[in-house]
Amino acid sequence: MGLADLHIHTIYSYDGTASVPAVLKRAREVGLDVIAITDHDEIKGSLKAFDLAPKFGIEVIPGVEITTAEGDLLALFVTEKIEPGLPLIGTIMMVGEAGGICIAPHPMARGVGMKSLSRDSIIQALRHPQASRILIGIETYNATTLDRENRHNTQTLLEECPRIAEVGSSDAHILQTIGLGATEFSGYSAPELLDALCLRTTQVRRGAQPGSARILGTWALNYVISAPARIAAAYP
Ligand SMILES: [Zn+2]
């Protein structure tokens with residue numbers, strides 16, 4: 001079985017703290033075979049990771065976390081920025097035109113600064129004949145979303161929409177949480193992962209959960225330390 005973490009942020013995200021090489025090194029160390037860098041409305045870090053990946057012995061799927069008008073949306077297998085701020089279904093169709101697929105991250109989760117898709121938005125997209133071929137997964141586990149209610153909500157959504165693939169992700173904004181949520185799939189490569197998502201055969205792996213206070217404390221410290229690197233990444 002292969003292991004993937006399809007939701008990781010770098011300093012190219014306004015709230016990320018880790019450099020691209022550090023993420024690749026850590027991802028390999030924790031046993032991941034495939035990762036996606038999904039910075040907020042930014043593709044540069046992901047493309048850089050895609051180029052550097054062979055040196056680190058890991059496979060990278062280029063991607064981005066798009067801020068749609070209805071909440072966050074992960075786009076994978078895309079190599080271009082997708083315009084933020086547009087309705088969900090239109091955004092999903094743009095991702096499809098760019099050759100990508102979509103995953104609903106931390107669906108219905110509420111939290112500070114968190115913009116999650118609602119149950120209605122997701123169900124509407126899954127009932128749309130074209131969009132439902134592109135939105136093929138939901139995060140039923142997100143290691144950064146420490147919200148028990150959300151876990152219950154995603155389970156009920158899954159029961160209602162059994163044709164959607166389950167994904168587990170870290171949503172890491174710091175190195176230490178990479179791989180704490182992951183997706184198991186048959187095979188080890190990105191194409192095999194895509195097949196598993198399309199066949200809905202993926203499974204979620206939950207990592208040992210560090211306390212929210214520890215995550216927040218480490219993030220705050222790293223956020224300050226990484227400020228010069230983030231500025232350099234934003235204005236290369
Ligand atoms: Zn995220």
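Tutor: Two residues are in contact when heavy atoms of theirs lie within 4.5 Å, and the model we discuss with that term is a predicted one.

Student: How many helices and how many strands does the chain have, and what is its radius of gyration?

Tutor: The chain holds eight helices and nine strands. For 236 residues the globule rule gives 18 Å, and the chain comes close to that value, so it is as compact as a globular protein of that length. Buried residues make up 53% of the 236, and the C-alpha atoms fill a box of roughly 45 × 35 × 35 Å along the principal axes. The radius of gyration itself is 16 Å.

Student: In what order do the strands of the sheet follow one another, and which are the edge strands?

Tutor: The sheet is open, its pairing is mixed, and its nine strands run in the order β7-β6-β5-β4-β3-β2-β1-β8-β9. Neighbouring strands of this sheet are turned against each other by 30 degrees on average, with direction ignored. An edge strand pairs on one side only, and the two strands for which this holds are β7 and β9 (203-206).

Student: Which residue of β3 is the bridge partner of I37?

Tutor: Strand β2, covering residues 34-37, pairs with β3 in the parallel sense over four bridges. In β3, the partner of I37 is P62.

Student: Which strands does helix α6 touch, and what angle does its direction make with that of β3?

Tutor: Helix α6 (residues 190-199) packs on the sheet and touches β1, β2, β3, β5, β6, β7 and β8. Another helix, α1 (residues 20-29), lies across β1, β2 and β3 and runs at about 150 degrees to β2. For α6 and β3, the angle between their directions is about 50 degrees.

Student: Which residues coordinate the zinc ion, and is its site tetrahedral or irregular?

Tutor: The donors are H7 (NE2), H9 (NE2), E65 (OE) and D171 (OD), at 2.1 to 2.3 Å, and they follow the spacing H-x1-H-x55-E-x105-D along the chain. Four donors count as tetrahedral if all angles lie between 85 and 135 degrees. Here the angles among the four donor atoms range from 76 to 165 degrees, and the site is therefore irregular.

Student: Is H106 buried or exposed?

Tutor: H106 is found in the loop between β5 and α4. Leaving aside its neighbours within four places in sequence, H106 is in contact with several residues, including H7, E65 and D171. Buried means under 20% relative accessible area, and because the value for H106 is 2%, H106 counts as buried.

How values were computed:
Residues are numbered from 1 along each chain as its sequence is written. This is a predicted model: local features need pLDDT of at least 70, side-chain atom pairs count only at pLDDT 80 or more; totals for chains, interfaces and linings use all residues. Side-chain values use heavy atoms; hydrogens and water are left out. Donors are N, O and S atoms within 2.8 Å of the metal (3.2 Å for Na, K and Ca); water is not among the atoms, so sites may look incomplete. Four donors count as tetrahedral if all angles lie between 85 and 135 degrees; four count as square planar and six as octahedral if opposite donors are over 155 degrees apart and all others between 65 and 115; anything else is irregular. Two strands pair if DSSP finds at least two bridges between them. Axes are lines fitted to C-alpha atoms, for helices over the stretch in contact, and angles run from 0 to 180 degrees between N-to-C directions. Buried means under 20% relative accessible area, exposed over 50%, partly exposed in between (1.4 Å probe, protein chains only). The radius of gyration is taken over C-alpha atoms; the globule rule is 2.2 Å times the number of residues to the power 0.38.
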